[in-house]
Amino acid sequence: MAVTVVVVLVAGNPKPQEFPPDSAEAAVQGYIGAWNERDIPTAYAFLSERVRASTSLEDYQRAADDFLTYGMPPNGPDRRISIGDASSEGDRTVVPVTVE
């Protein structure tokens, strides 16, 4: 299953969400949690086989380091990430993500 993440930036208060452990939403939540903890190897493990086959962990780590250094706003207590309901078509699943 490939997971596509759509991110929208808005403002709001943090509130945890819970999903079934084997759901696409839980996979996205795990990826975001690993990313926020700067655990790039764990975040990489959440990527699809196709992505991992085309991008080595070393290349992903290097790109993540660049992004974290130059492109990502700092994590703050005001930021909330909401994960919407997944929708599937064939072998593709889309999970909407809102960053507040």
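1. Arg62 and Asp59 form a salt bridge, their closest N and O atoms lying 2.5 Å apart; the term denotes a side-chain nitrogen of Lys or Arg within 4 Å of a carboxyl oxygen of Asp or Glu. A search of the whole structure returns one salt bridge. The two residues are separated by about one helical turn because they are three residues apart in helix α4 (residues 57–70). In general, an α-helix has 3.6 residues a turn, so residues three or four places apart point the same way. Arg62 is partly exposed at 48% relative accessible area, and Asp59 is likewise classed as partly exposed, at 39%. Buried means under 20% relative accessible area, exposed over 50%, and partly exposed in between (1.4 Å probe, protein chains only).

2. The model is predicted: local features require pLDDT of at least 70, side-chain atom pairs count only at pLDDT 80 or more, and totals for chains, interfaces and linings use all residues. Residues are numbered from 1 along each chain as its sequence is written, and side-chain values use heavy atoms, with hydrogens and water left out.

3. Helix α1 (residues 24–36) comprises 13 residues and reaches 18 Å from its first C-alpha to its last, close to the 18 Å expected at 1.5 Å a residue; the expected span is 1.5 Å times one less than the number of residues. Helices (H or I, at least four residues) and strands (E, at least two) are DSSP runs, numbered from the N terminus. The buried residues of α1 are Ala24, Glu25, Ala26, Val28, Ile32, Ala34 and Trp35. Just after α1, Arg38 adopts a positive phi of about 60 degrees.

4. The largest nonpolar core has nine residues: Phe19, Ala24, Ala26, Val28, Ile32, Ile83, Val95, Val97 and Val99. Such a core is a set of buried Ala, Val, Leu, Ile, Met, Phe, Trp, Tyr and Cys residues joined through side-chain atoms within 4.5 Å. Both α1 and β4 supply at least two residues of this core, and α1 gives the most, with four. Apart from this core lies another, of eight residues, among them Ala34, Tyr44, Leu47 and Ala64.

5. Thr93 is located in strand β4 (residues 92–99) and is buried, at 4% relative accessibility. The side chain of Thr93 makes a polar contact (N or O atoms within 3.5 Å; within protein, one able to donate a hydrogen and the other to accept it, and residues adjacent in sequence counting only if both atoms are side-chain atoms) with the side chain of Ser88, at 3.0 Å.

6. Ser82, in strand β2 (residues 81–83), is buried at 14% relative accessibility. Leaving aside neighbours within four places in sequence, Ser82 is in contact (heavy atoms within 4.5 Å) with Gln17, Pro96, Val97, Thr98 and Glu100.
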